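Please examine the structure shown below. How do its helices pack against one another?

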Amino acid sequence: MIRPSTEIRSATPDEMPQAISALVAAFLTDPFARFGWPSPHAYLRAAPVVAREFAGASFDHGTAYVSADFRGAALWLPPGVHPDGEALEAAVRDTADPQHLDDVLGTFEKMAQFHPEEPHWYLPMIGVEPTAQGRGLGAELMRHAVARCDGEGVLAYLESSNPRNISLYLRFGFEVIGEIRIGAAPLITPMVREPRRPRL
């Protein structure tokens, strides 16, 4: 099997489909994603649309980071940039399982309430497609972005929708700041990272 590239760069807006495709593959077994879209057909149809509304602004700001071969992606929103809440809600309402819709929307609403009040980098989505997982690509994507957070002296914030990923985030200095559990929806774990000062 070909080893995935660990060279990380910013994706252009024209490369959004390739980056989003990696994330759609990465989230195929994500507990929250599949709670909202349990049918494979519904998930594969909805996930690219929801991802664009949730994190697509990263491509406009040069903060959609991808591996050179598009096997992994991390879509960061810089301070002051937010998901398009109205468009995201519309996409979810149009596509999510009706039985789970209220819990999904309630979860997104609660996620927004956990954001730090001070300026911060926000990571809506990070993922590596399944055949490239376990080879350090997720860590490289994270390392690339937190170096910028440290250089700017700015907080970073994310929500983990999969408990398996929390250890990676802890390794990079994120700390758990609460829990989000709405109705029958799976647990979401909000996390914050203080910037690290460079060693002298």
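The questions below concern helix packing.

This is a predicted model, in which local features need pLDDT of at least 70, side-chain atom pairs count only at pLDDT 80 or more, and totals for chains, interfaces and linings use all residues. Residues are numbered from 1 along each chain as its sequence is written, and side-chain values use heavy atoms, with hydrogens and water left out.

Q: What is the orientation of helix 3 to helix 5?
A: Helices (DSSP runs of H or I, at least four residues) are numbered from the N terminus. Helix 3 (residues 40-55) and helix 5 (residues 85-95) pack at about 165 degrees, with axes 8 Å apart; axes are lines fitted to C-alpha atoms over the stretch in contact, and angles run from 0 to 180 degrees between N-to-C directions. Angles over 145 degrees count as roughly antiparallel. Therefore helix 3 lies to helix 5 roughly antiparallel.

Q: Which residues of helix 5 meet helix 3?
A: Contact means heavy atoms within 4.5 Å. From helix 3 come Ala46, Val49, Val50, Glu53 and Phe54. Their partners in helix 5 are Ala87, Leu88, Ala91 and Thr95.

Q: What is the orientation of helix 1 to helix 3?
A: Helix 1 (residues 16-26) packs with helix 3 at an angle of about 125 degrees, their axes being 10 Å apart. Angles under 35 degrees count as roughly parallel, 65 to 115 as roughly perpendicular, and the rest, apart from the roughly antiparallel ones, as oblique. The angle therefore makes helix 1 to helix 3 oblique.

Q: Which residues of helix 1 make the contact with helix 3?
A: Helix 3 contributes Tyr43, Leu44, Ala47, Pro48, Ala51 and Arg52. Helix 1 contributes Met16, Ile20, Leu23 and Val24.

Notes: Helices (H or I, at least four residues) and strands (E, at least two) are DSSP runs, numbered from the N terminus.
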